[in-house]
Amino acid sequence: MSEASESSARQLATDARDRVRFEEEALDLSDQVYGVARRLVGSREEAEDLVQETYARAFRSWRSFRPGTNLRAWLFRILTNLNIDRGRKAQRTPDQQPLEESDYFLYNKLEETGGDGSTDERRVVDRLSQNDAVTALADLPHDFRDVVLLVDLADFTYSDAAQILDIPIGTVMSRLHRGRRMLKGTLAASATRES
Amino acid sequence: MSAYVFDPCEKCEQMMQPYLDRVLTEEERREAETHLDGCAYCRKRYRFEEEFRQFVRLAVTEPMPPELKAKLAALRTPL
């Protein structure tokens with residue numbers, strides 16, 4: 001084998017090894033990617049399609065990932081961009097923006113409607129229903145939901161979320177804080193209706 | 001934080017999210033903790049907020065269907 005072809009064979013082997021490692025590391029994150037995808041879209045089927053598209057694109061463009069940088073953020077950027085590209089405008093859009101109450105509002109409401117005057121916090125949070133939480137999250141306007149999901153479900157920092165969504169960090173903070181308040185406002189309304 | 005809030009509990013309420021996200025300045029964090037040390041009303045609400053975040057995370061998390069894992073593995077580049 002000539003020196004040139006030996007060097008090119010070595011390069012091919014290095015590429016193959018890097019690609020295998022990249023794909024394995026990306027697949028290790030698939031549970032987290034699915035978890036967020038499931039709440040970005042309305043159904044399990046759509047979430048599965050979105051995750052498959054995300055991985056197909058990630059595997060195709062693996063060379064554009066710079067080793068040593070944040071692979072998780074890179075994958076979630078593909079996910080959120082694809083979700084926007086897929087025309088999320090066509091997805092379920094809340095009729096109106098949920099009410100944004102103050103941060104203590106939900107606790108105050110639950111305590112008020114608790115009836116027995118109990119101050120056991122565990123029981124206060126246990127008064128919330130899982131289905132109501134899923135619905136309240138789905139009712140958040142997209143821009144707010146994206147940030148809440150990235151920070152509160154996927155544990156990204158404000159700064160990572162800003163990079164993933166390509167928005168300023170101040171916008172992340174404001175949407176996150178307001179999104180959480182809307183979530184609590186909607187849950188307070190559901191809890192009050194059910195009590 | 002706004003300099004125009006004089007009700008200490010109201011100010012503590014405004015600090016709750018950044019406090020739990022650990023993004024307050026050292027000085028703000030100390031201020032929040034000093035208030036929390038002496039205020040059971042706010043302490044309860046901070047504790048509730050932590051539990052609430054945990055509750056939401058668990059409530060909305062759905063495990064990935066096992067067959068999707070296989071589909072994703074099939075997307076890998078053949079060697």
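Two residues are in contact if their C-beta atoms, placed from the backbone, lie within 7 Å. The exercises below use this term on a predicted model.

**Exercise 1.** Describe how helix H7 and helix H10 of chain A are placed against each other, and which residues meet.

Solution. 
- Step 1. Two packed helices are described by the angle between their axes and the distance between the axes.
- Step 2. In chain A, helix H7 covers residues 130–138 and helix H10 covers residues 169–194; their axes come within 9 Å and cross at roughly 135°.
- Step 3. The crossing in which H7(A) passes H10(A) is right-handed.
- Step 4. From H7(A) come A:Asp132, A:Ala133, A:Ala136 and A:Leu137, and they meet A:Leu183, A:Thr186, A:Leu187 and A:Ser190 of H10(A).
- Step 5. Sorted by type, the residues of this contact between H7(A) and H10(A) are five nonpolar, two polar and one charged.

**Exercise 2.** Decide for A:Arg17 whether the residue is buried or exposed, then do so for A:Asp160.

Solution. 
- Step 1. Find A:Arg17: this residue lies in helix H1 of chain A, residues 3–28.
- Step 2. A residue is buried if 20 or more other C-beta atoms lie within 10 Å of its own, and exposed if 12 or fewer do.
- Step 3. A:Arg17 has 10 C-beta neighbours inside 10 Å, so A:Arg17 counts as exposed.
- Step 4. A:Asp160 belongs to helix H9 of chain A, residues 158–165. Its count is 20 C-beta neighbours inside 10 Å, so A:Asp160 counts as buried.
- Step 5. Beyond its neighbours within four places in sequence, A:Asp160 is in contact with A:Asn70 and A:Ala73.

**Exercise 3.** State how far apart A:Asp160 and A:Arg77 are in sequence and in space, and do likewise for A:Arg17 and A:Ile169.

Solution. 
- Step 1. A:Asp160 and A:Arg77 are separated by 83 residues in sequence and by 9.7 Å from C-alpha to C-alpha.
- Step 2. For A:Arg17 and A:Ile169 the separation is 152 residues in sequence and 36 Å in space, again from C-alpha to C-alpha.

**Exercise 4.** Describe the side of chain B that touches chain A.

Solution. 
- Step 1. In chain B, 29 residues are in contact with 34 residues of chain A.
- Step 2. Helices H1 (8–20), H3 (40–60) and H4 (66–74) of chain B each supply at least two residues of this side.
- Step 3. H3(B) gives the largest share, 12 residues.
- Step 4. By type, this side of chain B holds 15 nonpolar, three polar and 11 charged residues.

Technical notes: Residues numbered from 1 in each chain as written. Chains lettered and ligands numbered in written order. Predicted model: local features only at pLDDT ≥ 70, side-chain atom pairs only at ≥ 80, totals over all residues. Helix = DSSP H or I, 4+ residues; strand = E, 2+ residues; numbered from the N terminus. Nonpolar A, V, L, I, M, F, W, Y, C, P; charged D, E, K, R; others polar. Axes fitted to C-alpha atoms, helices over the stretch in contact; angles between N-to-C directions. Left-handed = near helix turned anticlockwise from the far one by under 90°.
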